[in-house]
Amino acid sequence: MTATLIPLTSQPDPPQSARLATATLAAASVGADVDLPPIGPALISIGIVHFGIGAFHRAHQAVFTEDAMAATGQTSWGILGVTGRSEAVVEQLQPQNCLYGVLEKGADAPALRIVGAVRDVAWPGRDSEKVIEMLARPSTHIATLTITEKGYLRGADGDLNLSLPVVQHDVALLEREIAGEAGLPASISPLGLLVRGLARRFRQGGEPFTVLPCDNLVDNGTITHRLVTSFVAAVGRGQAAARDDLLAWLAASVTFPSTMVDRIAPATTEADRQLEGGLLGLRDDALVVAEPFKQWVIEDRFAGPRPRWEQVGAILTSDVAPYERAKLRILNATHSLLAYLGALCGHSTIAQAMTNPMLRDLARRVIDEDILPTLVTPVGMDLAVYRDSVLKRFGNPNLPHTTRQVAMDGSQKLPNRILGSVQDRLQQGETPEGLALAVAAWITYVASTIGGDTILDDPLAELLQATIGDADAVRTDPNGVVQRMLALGQIFPQAVQQSVAFHDAVRQQLFTVQTIMRAARAQA
Ligand code: CS2
């Protein structure tokens, strides 16, 4: 055996398997398409707690926040990211000193930036106390939320669902928190943990605070305000005086601005990781992928200081509603339509669904005929241009966003993105046929999962499947299926439930869905 002499250099190239972290950053290969954090992560202190540190937050608010810190030199807006129920994201981020890549995939060559705005990460199952303590610190000013529609734990009346065991568990903990008990166990729900942090903050000085929800909900600020208040109001009489003091502080010192958030960020694939590895020369287990486009419209109603997000492209406004309605009703509604019809036609991604001329035309028609007539044009926006840009973004072939991913949680998504427009059209005396098609496609998709291989990813999955009955019911008993599904009060608003015209339209569109599926099969 001969010994190989390895020449020693002062800065050896990292092996492919070296992991992204502050210590390895200097060894990253930085080409024209790779940007490293604009501020040394060590200089950043935490000012924001984020609940739901999944791909969307990392590709959206964290990027705006890092850019705002870089633009202003204010380095006190680092983020403590709180995971959901799984510890997986801690395992991805912590060994990397919370550094991660955002791989932008548009029409041009992919571009990579390493983001350093997230400075710490916590798993509530173990780190509830750390999160509460951070929320109570005077140097923390904002909590942002991306906990998905179902994370808000709302009941059929839109208020906090107090019958859920997780809510009861967290209300009981809140009561003990308010009583000043130490060494409490973990909160389960993000809202439960947030409210405990607010209670601690109140007890420890009560500096003003802002809660900024960033989920695709209609009037997300107003809703979050109501839910947080309901959490506190549910505390029993044992702590009545402290509870009422906390409620008074919430009303006086905590604000809940509404926001509209937009950036398509599909699940990261192994191919994305390899692409990043080639660009960076380091392994990154926390990589997220996104389109180049990003938009953030924020109601300017902060209780205390905030990052200067407006300096880096965000819109700060007194009225978010027109932007939020336009985005939910145009982008998210047609996204769902394409997801359900696309999946039923055998398209695995939204971009593939957009190559089907029939689906592409339907998406455009539903916007023109059923959605645009319900919208007020937001300042500085042209809705026809927005429509075209949204459809173009959906068609991005380099961003495989699966129809299954967008199709999940339909019971939570439909009310926010589709049923508001339905209600408005019915009120205008019109029957929105295209939106009825979207509802029919959702019903058919749910039916297709009964007894099949595809798992229905929806918190109401069992109820939805039981309501339909069997997989063939959409063909054998379309009338019964529509009656039973539209009777689900936790999804359909009363005005929609009571509309005979809409029932008829959905029933009719169940046949259209079958025709579209047959045509797709014939072409395959
Ligand atoms: C999508 C959204 O998964 C979904 O339901 O419609 O996540 C969509 O990609 C974002 O809202 C885009 O901003």
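# Worked exercises: salt bridges, domains and rings

Across the interface of domain 1 and domain 2, five salt bridges are found, a salt bridge being a side-chain nitrogen of Lys or Arg within 4 Å of a carboxyl oxygen of Asp or Glu. This is a predicted model, in which local features need pLDDT of at least 70, side-chain atom pairs count only at pLDDT 80 or more, and totals for chains, interfaces and linings use all residues. Residues are numbered from 1 along each chain as its sequence is written, and side-chain values use heavy atoms, with hydrogens and water left out.

## Exercise 1. The two domains

Work out where the domains lie and what area is buried between domain 1 and domain 2.

*Step 1.* Start with the bounds, which come from an automatic or database domain assignment. Domain 1 is given as 22–151 + 188–194 + 205–225 + 253–317, and domain 2 as 321–523.

*Step 2.* The centres of the two domains, taken over C-alpha atoms, are separated by 30 Å.

*Step 3.* Look at the contacts, meaning heavy atoms within 4.5 Å. Here 26 residues of domain 1 are in contact with 24 residues of domain 2.

*Step 4.* Turn to buried area, the accessible area (1.4 Å probe) that two parts lose on being put together, summed over both. Between domain 1 and domain 2 about 2,100 Å² is buried, and carbon and sulfur atoms give 55% of that area. On the domain 1 side, Glu149, Lys150 and Ile264 lose the most area to domain 2, together 26% of what that side buries.

## Exercise 2. Salt bridges along the chain

Find which parts of the chain are tied together by the pair of lysine 105 and aspartate 272, then do likewise for arginine 325 and aspartate 219.

*Step 1.* The structure holds 37 salt bridges.

*Step 2.* Take lysine 105 and aspartate 272, whose side chains meet at 2.6 Å, N to O.

*Step 3.* Check accessibility, where buried means under 20% relative accessible area, exposed over 50%, and partly exposed in between (1.4 Å probe, protein chains only). Lysine 105 counts as buried at 11%, and aspartate 272 counts as buried at 5%.

*Step 4.* Arginine 325 and aspartate 219 form a salt bridge at 3.4 Å, N to O. Arginine 325 is in helix 11 (residues 321–344) and aspartate 219 is in the loop between strand 8 (209–213) and helix 8 (220–233), so the pair joins parts 106 residues apart in sequence. Arginine 325 is partly exposed at 23%, and aspartate 219 is partly exposed at 28%.

*Step 5.* Glutamate 291 meets arginine 393 in a salt bridge of 2.6 Å, N to O. Arginine 308 pairs with glutamate 310, their closest N and O atoms being 2.9 Å apart. Salt bridges that share partners also join Glu129, Glu177, Arg196, Arg200 and Arg203 into one network.

## Exercise 3. Rings and charges

*Step 1.* Rings of Phe, Tyr and Trp (its six-membered ring) pair if their centres lie within 6.5 Å; planes under 30 degrees apart count as stacked, over 60 as edge-to-face and the rest as tilted. The structure holds six such pairs.

*Step 2.* Tryptophan 442 sits in helix 17 (residues 433–448), whereas phenylalanine 492 is in the loop between helix 20 (478–486) and helix 21 (494–497), 50 residues apart. Tryptophan 442 is buried at 1%, and phenylalanine 492 is buried at 1%.

*Step 3.* Ring pairs also link Phe64, Trp296, Phe302 and Trp309 into a cluster.

*Step 4.* A charge sits over a ring if NZ of Lys or CZ of Arg is within 6 Å of the ring centre and within 35 degrees of the ring normal. The charged end of lysine 294 is over the ring of phenylalanine 64, 4.9 Å from its centre. Arginine 58 lies over the face of tyrosine 100, 5.8 Å from the ring centre.

Key:
Helix = DSSP H or I, 4+ residues; strand = E, 2+ residues; numbered from the N terminus.
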